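These are my notebook entries on one chain, kept in the order in which I looked things up. The structure comes first, and the entries follow.

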Amino acid sequence: MEFWLDLNEEQQDLREWVHGFAESVIRPAAAEWDEREETPWPVLQEAAKIGLYGFEFLVNTWSDTSGLSLPVANEELFWGDGGIGMAISGTSLAVAAIYGSGTPEQLVEWVPQCFGDASDPKVAAFCSTEPEAGSDVASMRSRAVYHEATDEWVISGQKAYATNGGIANVHVVTASVEPSLGSRGQAAFVIPPGTAGLVGTKKLKKLGLKASHTADVFLDDVRVPGSCLLGGKEALDKRLARAREGQRASKQAAMRTFELSRPAVGAQAIGIARAAYEYALEYAKTRVQFGRPIIENQAIAFALADMRTEIDAARLLVWRAAWMGRAERPFAAGEGSMSKLKAGEVAVAVTEKAVQILGGAGYLRDHPVERMFRDAKIYTIFEGTSEIQRLVIARAISGVQIR
């Protein structure tokens, strides 16, 4: 069997296309939207106009049988800027939830509404984390109660740190339908546009990714039709019955979504890291100290060598996990978590080193590495902290329920 790591012509074209948009549209706008801390709707509209933001783009990238198109595109997008990149890609987490748990009919109905169109782009939100249930998904307090007479679900609770929360056209919400079963008694629901009872808080002030909207979401007796239960009532009833009998069940909705998205999220982190590395490399070639460019100092040159090595290693883990996920190979050693863990920690380390190489200049907003350093930190926290990723890997390789 042949083995190679070259991207094919279509993947190379995709990378160049997204890179061109990142270079010409995203980068010139990055500092402004970071400072404004607002959703960059004009940039989203430009992305939608060229087909970079929308259902069709995700279909085309997800249809790549190698699994590499989405990570490749994400790396280039976030090379442009982390905050604007997240504003563009944040909708994909809700789409991943619909894809991972929904029926084909639900996918066709709801995913286009997540994006809107080029004349009026929309965003979507995936709401899972709660004040008392972040990494501890089993402690989720949001409740969904089914009313058979009206074929409605009534959902109540609070969600925290939701990307696009409150401003989304479509919200995908996880809730417990049978609390006694813990995480196995949870399900995911689509909250249609304009549904009464869903309210988002004021945008939260964050360390980084400031152009991406993050807010808490309150659900006060939110009523949705039975058809909004992702996967349908029959499938849910069967899953709950197996759980009550103590049978091994498939992973609950939130975890399926995170497993689908981890390599793509890792690629985002790599894009930020690569941007910081490239900037520091060029700076080191032109910054003169003691009569010579600082790149000629072994300490600087070795730091840059380590940065490049770590970025390439992280990318290979992301590509492997993306390929395995697309080929439906089991993550027997937690390979999806490996990719996200490595990429997130590399992003933090590389951007910190980039600031150090620039010295005092790196601490100023005059240079983008300051923003990249702030943007990178979230990748060791959201969609599973580094500690949770290590837990997943440790359980996978040991077969022991490590706590």
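Entry 1: I began with Leu316, which lies in helix α10, residues 298-326; helices here are DSSP runs of H or I with at least four residues, strands are runs of E with at least two, and both are numbered from the N terminus. The model is a predicted one, in which local features need pLDDT of at least 70 and side-chain atom pairs count only at pLDDT 80 or more, while totals for chains, interfaces and linings use all residues. Residues are numbered from 1 along each chain as its sequence is written, and side-chain values use heavy atoms, with hydrogens and water left out.

Leu316 has a relative accessible area of 46% and is therefore partly exposed, given that buried means under 20%, exposed over 50% and partly exposed in between, with a 1.4 Å probe and protein chains only. Together with Phe3 and Leu5, Leu316 makes a nonpolar surface patch of about 360 Å². A patch takes residues with over 30% relative accessible area and no salt bridge, joining nonpolar side chains (Val, Leu, Ile, Met, Phe, Trp, Tyr) within 5 Å and like charges within 9 Å; the areas come from the Shrake-Rupley method with a 1.4 Å probe, and for residues only the protein chains shown count as cover.

**Entry 2: the chain as a whole.** I noted 13 helices and eleven strands in the chain. The C-alpha trace spans about 80 × 50 × 40 Å along its principal axes. For 403 residues a compact globule would have a radius of gyration near 22 Å, and the chain agrees, with 22 Å; the radius is taken over C-alpha atoms, and the globule rule is 2.2 Å times the number of residues to the power 0.38. Of the 403 residues, 51% count as buried.

**Entry 3: salt bridges.** How many salt bridges does a search of the whole structure find? I recorded 25, a salt bridge being a side-chain nitrogen of Lys or Arg within 4 Å of a carboxyl oxygen of Asp or Glu.

I then followed three of them. Arg365 and Glu35 meet through their side chains at 2.9 Å, N to O. Arg365 lies in the loop between α11 (335-358) and α12 (369-376) and Glu35 in helix α1 (residues 9-36), so this pair ties together parts 330 residues apart in sequence. Glu35 is exposed, at a relative accessible area of 52%.

The salt bridge of Arg315 with Glu75 has an N to O distance of 2.8 Å. Since Arg315 lies in helix α10 and Glu75 in helix α4 (residues 69-80), the pair ties together parts that are 240 residues apart in sequence. Both Arg315 and Glu75 are buried, and both belong to a network of salt bridges that also links Glu76, Arg274, Glu278, Arg308 and Asp312.

In the salt bridge of Arg371 with Asp81, the closest N and O atoms are 2.9 Å apart. Arg371 is in helix α12 and Asp81 in the loop between α4 and α5 (82-89), so parts 290 residues apart in sequence are tied together. Both Arg371 and Asp81 are buried.

**Entry 4: aromatic rings.** I found six aromatic pairs in the structure; rings of Phe, Tyr and Trp (its six-membered ring) pair if their centres lie within 6.5 Å, and planes under 30 degrees apart count as stacked, over 60 as edge-to-face and the rest as tilted. One of the pairs is Tyr53 with Phe115, which is edge-to-face at 5.0 Å centre to centre and 75 degrees between the planes. This pair links distant parts of the chain, 62 residues apart, with Tyr53 in the loop between α2 (41-49) and α3 (55-62) and Phe115 in helix α7 (residues 104-115). Tyr53 counts as buried at 5% relative accessibility, and Phe115 is buried with a relative accessible area of 5%. Elsewhere, ring pairs link Tyr146, Trp153 and Phe189 into a cluster.

I also looked up charges over rings, for which NZ of Lys or CZ of Arg must be within 6 Å of the ring centre and within 35 degrees of the ring normal. The charged end of Arg27 sits over the ring of Trp79, 3.5 Å from its centre, and Arg36 lies over the face of Trp33, at 4.1 Å from the ring centre.

**Entry 5: backbone.** Most residues other than glycine have a negative phi. Glu37, in the loop between α1 and α2, has a positive phi of about 55 degrees and is buried, with a relative accessible area of 18%. Glu328, in the loop between α10 and α11, also has a positive phi of about 55 degrees, but at 72% relative accessibility Glu328 counts as exposed.
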